[in-house]
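Hello,

Here is the structure I promised to pass on to you. Please open it first, and then read on for what turned up in it.

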Amino acid sequence: MAPWLTVVGIGEDGFSGLGKPARRALLGAARIFGSPRQLALLPRCIVGERLQWPSPFSLAPVLALRGEPVCVLASGDPMFYGVGASLARQVPAEQMHVLSSPSSCALAAARLGWPLQDVQVLSLVARPLAALTAQLYTGVRLLLLSNDGDSPAQIAALLRERGFAPSRMHLLEHLGGSDERHLSGTAEDWPHAQAAALNVVAIECLASPTAVRLSPTAGLPDNAFRHDGQLTKRDVRAITLARLAPQPGELLWDVGAGCGSIGIEWMRSHPSCRTLAIEADTGRQAFIEHNRDALGVPGLQLVRGKAPQALSALERPDAIFIGGGVTREGVLSLCWQQLRPGGRLVANAVTLQSELTLAHFREQHGGELTRIHLAQTQPLGAFDTWRQALPITLLDVVKPLDA
């Protein structure tokens, strides 16, 4: 089938800023979909029926016209956090023609003189602001697609809360249009309470001297998490995550999640990693909810319940961590059953009974058992000595592809 759908990226300069192919597509379209603002940019010579997106948003009206000449308006580059990317998941590439304009991030980088390939981009459109936390490192440049006119002030408040008050912020409104405006300041004394609805925020990240420095690698400090003691400690957590070996786009079950530390660090390894944190204790559930936002992974999903009962209806995972409850009947067997072929199962044991359970499981399914001994220095009078932590037994097993 020849292309029936044309997605036109339109900027703040409207129809006059479009190239000839985009103008011809709009002139020949029987129907044109877009937001009220985008449709208002079209001149009277465009005679196709103008259709606003339904609320709540849905692609169904466009897909229902498959085969007819249809245009869809998008802001800037339709394939960059735009409706073009959503349509591409439903319409084959050979049936869709995409005509792009410069994205707002490309325009912002041009105005600021920032090499775009060196900038981290994050969309806050209909997404939690807490996701920004995972991107905050001194020296990093960020471009943020704001959700609305309140976003810049909210971003400044979050930077102050996370210890990045000295960061330089740039507010760029109506990029590419006659109302374009560039304002700047620091997060510490950000003076602009309200901005235009269409804006991009650029940040030159700088932590205050007293800010807690969080590494992107596994093994965050234990005090980065709120917990009641049910926490996989830092060094054991780093070893455990190395065995879990997160890959982009993979799903982890964190069974008996405690304060959520393993699942949170799994998601911090890559923006597309996902976690289902299964926890029955209400107090620890509250810790998980706090920690996921404070550490920049608000997309972590909390499953309130006890294994194995809470596991049966969940999406099958690519990896499973069991930090507690391995001796509970049915937990290990159901986890192994639900794990995808080629997936990894890692379980930690402290007691003799849980260690014996892991040993029996290994006899049936293979894998490796590792004993972890850690000791830290502590004062002994005027001297220092080693204090041995409880040893941890770690099971690491990969499910066969033909299982």
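A cut-off to begin with: a residue counts as buried under 20% relative accessible area, as exposed over 50%, and as partly exposed in between. By that rule H174, with a relative accessible area of 22%, is partly exposed. Please keep in mind that this is a predicted model.

H174 is worth a look for its backbone too. Its phi is positive, at about 50 degrees, although H174 is not a glycine. You will find H174 in the loop between β8 (168–173) and β9 (181–186).

One runs from S55 to P56, with omega near 5 degrees, and P56 belongs to the loop between β3 (49–52) and α3 (60–63). Another joins A307 and P308, where omega is about 5 degrees; P308 is in the loop between β13 (301–304) and β14.

The largest nonpolar core has 27 residues, and F225, L244, L252 and W266 touch the most other members. At least two residues of this core come from each of α7 (234–244), α8 (261–268), β14 (319–322) and β19 (392–398). The largest share, four residues, is supplied by α8. Another core, of 26 residues, lies apart from this one and includes V326, W336, L395 and V397.

Beyond its neighbours within four places in sequence, L244 is in contact with L252, I262, W266, A319, I320, F321, R344 and V346. L244 also takes part in the meeting of two helices: R237, T240, L241 and L244 in α7 meet S261, I262, E265 and W266 in α8. How do the axes of α7 and α8 cross? They come within 11 Å, at roughly 55 degrees, and the two helices are therefore oblique to each other. Their crossing is right-handed.

Then there is an open sheet of five strands with mixed pairing, in the order β6-β7-β10-β8-β9. At its edges stand β6 (120–123) and β9, each with a single partner strand, so one side of each is left without a neighbour in the sheet. On average, neighbouring strands here are turned by 20 degrees against each other, direction ignored. β6 pairs with β7 (residues 141–145) in the parallel sense over four bridges, and L122 stands opposite L144 in β7. Helix α5 (residues 104–112) lies across β6, β7, β8, β9 and β10 (199–204), and runs at about 140 degrees to β7.

Last, a hairpin. Strands β17 (residues 375–380) and β18 run antiparallel and are joined by six bridges, with T385 in β18 as the bridge partner of Q378. Two residues lie between the strands, and G381 in this hairpin takes a positive phi near 65 degrees. Is β18 (residues 383–388) covered or uncovered? It is hardly covered: the count of buried residues among its six is zero.

Terms used
Residues numbered from 1 in each chain as written. Predicted model: local features only at pLDDT ≥ 70, side-chain atom pairs only at ≥ 80, totals over all residues. Heavy atoms only, no water. Buried < 20%, exposed > 50% of the residue type's maximum accessible area, 1.4 Å probe, protein only. Pairing = 2+ DSSP bridges. Core = buried A, V, L, I, M, F, W, Y, C linked by side-chain atoms within 4.5 Å. Contact = heavy atoms within 4.5 Å. Axes fitted to C-alpha atoms, helices over the stretch in contact; angles between N-to-C directions. Parallel < 35°, antiparallel > 145°, perpendicular 65-115°, else oblique. Left-handed = near helix turned anticlockwise from the far one by under 90°.
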